[in-house]
Amino acid sequence: MKKLSKITLDFLNRSPKLFIGNEWVDSFSSETIPSVNPANGEEIFRIAEANDQDVDHAVDAARKAFHKTVRDMNPSKRALKIQRLADLIEDHLEPLSQLECLDNGKPISRAVADVKAAAAHLRYFAGWSDKIEGSSIPVHSPNIMVYTRREPVGVAALIVPWNFPLVMAIWKMAPALACGNCCILKPAEQTSVTALYLANLIKEAGFPSGMVQVLTGGGKTGALLSHHMDIDKIGFTGSTEVGKKVLEASSKSNLKKVSLELGGKSPNIIFDDADMDRVHQSLVWASFYNSGQECTLGSRVYVHKKNFAEVVDKLVQKASELSMDSGLLNPDLGPLVSKEQVDRVMGYIDSGKNEAELILGGQRKEGDLSGGYFVEPTIFSTSNHNAKIVREEIFGPVVNVTSFEDEEEIIAYANNSRYGLASAIWTKDISRAHRFAHRIEAGVVWINSYDLFHPAVPFGGFKESGIGREMGKSALELYTREKAIWTQL
Ligand code: NAD
């Protein structure tokens, strides 16, 4: 096992606390939740489970800070603090990546890339802090002047999942802070360690007391936040099922603004004229990256019938070569995040065995890895578009490959989903590529590539994959509200 740094080990020995008003405080509930290393199933940490009093405490701290210091903070000061936080994240690359790797299970080099991506995201949004502009609107009357302002929403609760714990937190926190809000970050109960580590850096970066709180806890804590009458906004990333509950909680409480980044079942479409070398290099990662625990996973692979056998053979070969081990040993794939996730994925694999041909995998890893949550890369093939493994998000290393014959047919297959997060097409025919891009019902289209991201490019889903766009200028709309000001001259 790679040696863990002293900072990492010391952090894991901390007692479970919540971060409210720039202080570490005990929870009112005194309840805790174990955090487990998914590579071996051993408990590494315990987090506090915030209850209703803790949520009230955090909201109160955030609300007071918003009125006292944050709302009127000089935007360029906000930018400097966000930049400083990015610097600190880079300075703490080693402990942050080690903690992410231990807590989530991902390979250490991927955890390092995630920490760097989090810092880059903050830098991009720091640049927006002093460019959040309104407009002046001509209303065809010389005696009337109208202008608009984009104001912060106020107190934003940010509820995030476990697959990219730090990155998901920063995707929300960076625009929320740039727009001048106070935040309550609720990480996923399975992977809260890096969010807690981040809290210390937030204080060190000089954010005023109450601008950011970190509240740990499970679904109950998330539900308390989404029902709260004094929270103005929920930025949520997670499953479509829970996203709908968050929306419902808003409608039953104070109609807080809600943005949702939800599940996906993305089509990855390979035409017969595609550059096959590039396809073979990309496909294995589009299918199994992060052990398949990725919202954009290309879990529906469609291959033109001429190349079907070649593509499937190569995918089987490449997937069989992927190494799997504890993330600290930097394999290609780490374990799934939890026992629950293994059970969920194995349930889908069992149903796949009844409804499709199993081409590769389909088992948990035995031997040395049997104590951890490892599932083999699994490939099914069925042309039944209503099979459960083709319709539902599995969120594990499982893909289905199907052949197709023509463009009309494949667009219909691709759009035959309740989800609409991402999609990809591989072809040298530029007209076909853009025809597809315009007709696919998905928030992201990759042409001759997969899984490209940049902080400046909007990201989000169509249909049941979400509401709103994170990243890019679009994210500013999620964390501001527009006001029109009329003056009779
Ligand atoms: P999840 O929906 O179970 O949990 C997400 C978060 O919601 C966690 O913090 C959880 O504690 C909290 N939560 C649970 N019940 C709640 C409730 N009733 N009210 C409020 N909050 C509640 O999702 P998960 O299993 O952590 O993550 C996997 C899902 O996330 C997948 O569906 C995946 O596609 C999706 N995801 C989407 C994106 C995206 O950008 N579209 C990115 C990553 C993950």
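Residues are numbered from 1 along each chain as its sequence is written, and side-chain values use heavy atoms, with hydrogens and water left out. Because the model is predicted, local features need pLDDT of at least 70 and side-chain atom pairs count only at pLDDT 80 or more, while totals for chains, interfaces and linings use all residues.

The protein is divided into domain 1 (6-262 + 466-488) and domain 2 (267-454), with bounds that come from an automatic or database domain assignment. The C-alpha centres of domain 1 and domain 2 lie 31 Å apart. Their contact (heavy atoms within 4.5 Å) takes 27 residues from domain 1 and 29 residues from domain 2.

We turn next to the sheets. Helices (H or I, at least four residues) and strands (E, at least two) are DSSP runs, numbered from the N terminus, and two strands pair if DSSP finds at least two bridges between them. Seven strands make up an open sheet of mixed pairing, in the order 14-15-16-13-12-18-19. At its edges are strand 14 (357-360) and strand 19 (446-447), each of which pairs on one side only. Within this sheet, strand 15 (residues 378-381) and strand 16 (residues 398-404) are parallel and share four bridges; threonine 378 has valine 398 of strand 16 as its bridge partner. Helix 12 packs on the sheet and touches strand 14, strand 15 and strand 16, its direction making about 30 degrees with that of strand 15. Helix 15 (residues 430-439) also packs on the sheet, touching strand 12 (267-270), strand 18 (424-426) and strand 19, and its direction makes about 165 degrees with that of strand 18. For these angles, axes are lines fitted to C-alpha atoms, for helices over the stretch in contact, and values run from 0 to 180 degrees between N-to-C directions.

Another open sheet has three strands in the order 5-6-22, with antiparallel pairing. Strand 5 (136-137) and strand 22 (480-488) each have a single partner strand, so one side of each is left without a neighbour in the sheet. Strand 6 (residues 144-152) and strand 22 run antiparallel and are joined by nine bridges, and arginine 149 finds its bridge partner in lysine 483 of strand 22.

Now for the pockets. On a 1 Å grid over the protein atoms alone, where a 1.4 Å probe is used, a pocket is an open set of points with protein on both sides within 12 Å along at least five of seven lines, and lining residues have an atom within 4 Å of a point. Grid points are joined across faces, edges and corners, and a volume is the space filled by probe spheres set on the points.

The largest pocket holds about 970 Å³ of space. Its lining comprises 46 residues, with Trp162, Phe236, Gly238, Ser239 and Val242 nearest the centre. Helix 9 gives the most to this lining, with eight residues. Domain 1 and domain 2 each provide at least three residues of the lining of the largest pocket.

The second largest pocket has about 520 Å³ of space and is lined by 23 residues, of which Asp114, Phe164, Tyr289, Asp451 and Phe453 lie nearest its centre. Helix 5 supplies the largest share of this lining, six residues. Both domain 1 and domain 2 give residues to the lining of the second largest pocket, so this pocket lies between them.
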